Amino acid sequence: MRLDNYLKVSRLIKRRTIANEACDTGRISVNGKVQKASYDVKIGDVIGIRFGEKQVEAKVLSTKEPIRKDEAEELFEYL
């Protein structure tokens with residue numbers, strides 16, 4: 001699954017266009033490296049998201065799709 005799509009489906013970021021822009025500006029990293037929106041997310045990856053001064057890290061637990069809103073938290077765990 002593409003990184004920008006994963007961020008939207010998991011609800012770490014609300015919309016795919018915003019996730020795509022965050023990737024383009026270098027605010028999203030995977031396993032410590034800045035990645036493009038087209039990066040293929042795998043189970044076990046650690047995604048880092050920089051929101052201004054705040055840094056959020058989440059570990060990918062699943063990449064299944066489609067997913068319901070109430071199941072979105074099963075896709076990742078905060079670190």
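Here are legends for close-up views of this predicted model.

**View 1. Lys-36 in the loop between strands S2 and S3.** Welcome to the loop that links S2 (33–34) with S3 (46–51), where Lys-36 has its place. With a relative accessible area of 64%, Lys-36 is exposed, because the cut-off for that class is over 50%. Beyond its neighbours within four places in sequence, Lys-36 is in contact with Leu-3 and Cys-23. Leu-7 makes a handy reference point: its C-alpha atom is 12 Å from that of Lys-36, although 29 residues separate the two along the chain.

**View 2. The hairpin of S3 and S4.** Follow S3 into S4 (residues 54–60) and you will find the two strands paired in the antiparallel sense, over six bridges. To see one of these pairings, look for Ile-47, whose bridge partner in S4 is Ala-58. Two residues lie between the strands of this hairpin, and Gly-52 takes a positive phi near 60°.

**View 3. S4 alongside S5.** Moving on, S4 also runs antiparallel to S5 (residues 76–78), and three bridges join them. Here Val-60 has Phe-76 as its bridge partner in S5.

**View 4. The aromatic pair of Phe-76 and Tyr-78.** The count of aromatic pairs comes to one. Its members are Phe-76 and Tyr-78, with ring centres 5.1 Å apart and planes at 85°, so the pair is edge-to-face; the angle needed for that label is over 60 degrees.

Note on methods:
Residues are numbered from 1 along each chain as its sequence is written. This is a predicted model: local features need pLDDT of at least 70, side-chain atom pairs count only at pLDDT 80 or more; totals for chains, interfaces and linings use all residues. Side-chain values use heavy atoms; hydrogens and water are left out. Helices (H or I, at least four residues) and strands (E, at least two) are DSSP runs, numbered from the N terminus. Buried means under 20% relative accessible area, exposed over 50%, partly exposed in between (1.4 Å probe, protein chains only). Contact means heavy atoms within 4.5 Å. Rings of Phe, Tyr and Trp (its six-membered ring) pair if their centres lie within 6.5 Å; planes under 30 degrees apart count as stacked, over 60 as edge-to-face and the rest as tilted. Two strands pair if DSSP finds at least two bridges between them.
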